[in-house]
Structure formats: structure tokens, C-alpha cells
Amino acid sequence: LLKEHKIRNIFSSQEGLAYQTVLENKMVSPYQLTATLDPEFSALGGLGILNININNNSLAEFLSHGRISLKVPETVKVNLNGTVSEGIFAKDISLFLSAKLKEPNFIGKGFEFCGPVVEKLLLKERMTLCQQVNSSNIFSSMVPFDSTVKKHLSAPYSKSFNFVLADAQAEYSAELDLELSWLEPQIGIVGSEVEVKPLAKV
């Protein structure tokens, strides 16, 4: 089966988290499109990779025909402004955002996270942001590739990428400006769905 479908890489579960293993083995790089069954791979959006979650039918289509059918979604730009307080982590930001992005008009759209808060996030924090936010009913989430990502890419990766950013005329279906200087530690309360509240109100 592996030879038939030209599958070159296969890993055992003992080798670690799938998306981390793929990253460490340099199987992905910025500006790529990845399609996965595992929603954990949404973390790759933190490297400027567009990851989309597919279902078993799409996987079967790919294995059978070598392609999948996709509809390019509208994109929402989310500017995260301000300076977060000490003790506020990427998980707090992602919980806050996941509650915000549950609105019906955001379902099925792609999200691009920008702004001063994002620029200061470490690579692992950007991955947490994209992974956790993508648990909502959205198409994808990503942070544009920049110097923070570039310094984590060893040769030959780091020498082969120029920064590609959306131009001033880029069209978005919506643009959100969120001030996070006031943000408190957040907690997700699991029930029929996750309810997000400030920790101080629990």
C-alpha cells in the first residue's frame, strides 16, 4: 500500500506527536499547504503554513486520484494590539479568541493573526495560538512568516525564504482589532461545549 501510493515517510506513535515529528524531520516549511486528518496539525499555522483539516472522504479522494477538492475561503484579519500583562500566555489568548470566533459569520473562514502581540510571541506560542483557536469551526488559522520563524529554521531552510506579506490592497471579509492589554488569565470550562471565562470569575 505504501509503495502503491508512494508514501515515503511513516512514523510510529512512540516517536512523538505527529505534527512535532513532521516539523523536526523538516517535512514541512513556510508557505506550504498541508492537509491532515489530525486537528493538532493546525499548530503548523504558527510557522506560516496553511494547514487544513480534511475528512476521510477527502483522504480517500486524494489516495485514489492524487487530488482533493477545496473551496478557497474568505479571510479574516485579526490584529492583536497592546502589551499583554505578565502571567498571560498563548493559551489565554487562544481561549479568548476561540470564544470570540464562535460567531456564525466566522464559521468556515480563514484567519490571519497579526499585530504587536503576535510579533512578540515565540514560535511555540504561535503554534499554540493556531492550534487552540482552530478547535473552533473555522477553516484555518496562521501567522505570517517573519524573522521569528526564520531564525528557527536551520540551513538550507533559512536561506531560501523571502518574506511574503499581504499588500496594502489585500481584501479581507472582515478585520478585527482587539486590544489585549486588559486580558486576564482565561479558563475553558468543559460541558456540552467549552465555555470560556476569566479565571477570576470562576
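**Exercise 1. Decide whether I7 is buried, partly exposed or exposed, and find where I7 lies.**

Solution. I7 has a relative accessible area of 39%, and I7 is therefore partly exposed, given that buried means under 20% relative accessible area, exposed over 50%, and partly exposed in between (1.4 Å probe, protein chains only). Next, the place of I7 is in the segment before α1 (18-24), where helices (H or I, at least four residues) and strands (E, at least two) are DSSP runs numbered from the N terminus. Finally, I7 is 173 residues away from L180 in sequence, and the two are 44 Å apart in space, C-alpha to C-alpha.

The model is predicted, so that local features need pLDDT of at least 70 and side-chain atom pairs count only at pLDDT 80 or more, while totals for chains, interfaces and linings use all residues. Residues are numbered from 1 along each chain as its sequence is written, and side-chain values use heavy atoms, with hydrogens and water left out.

**Exercise 2. Work out the order of the strands in the open sheet.**

Solution. The sheet has four strands in the order β5-β4-β3-β6, with parallel pairing, and two strands pair if DSSP finds at least two bridges between them. At the edges stand β5 (140-142) and β6 (174-179), each of which pairs on one side only. Between β4 (residues 110-114) and β5 there are three bridges, and F111 stands opposite S141 in β5.

**Exercise 3. Determine how α3 and α5 are oriented to each other.**

Solution. Two packed helices are described by the angle between their axes and the distance between the axes. The axes of α3 and α5 (residues 123-133) come within 9 Å and cross at roughly 25 degrees. Because angles under 35 degrees count as roughly parallel, over 145 as roughly antiparallel, 65 to 115 as roughly perpendicular and the rest as oblique, α3 and α5 are roughly parallel to each other. Here axes are lines fitted to C-alpha atoms, for helices over the stretch in contact, and angles run from 0 to 180 degrees between N-to-C directions.
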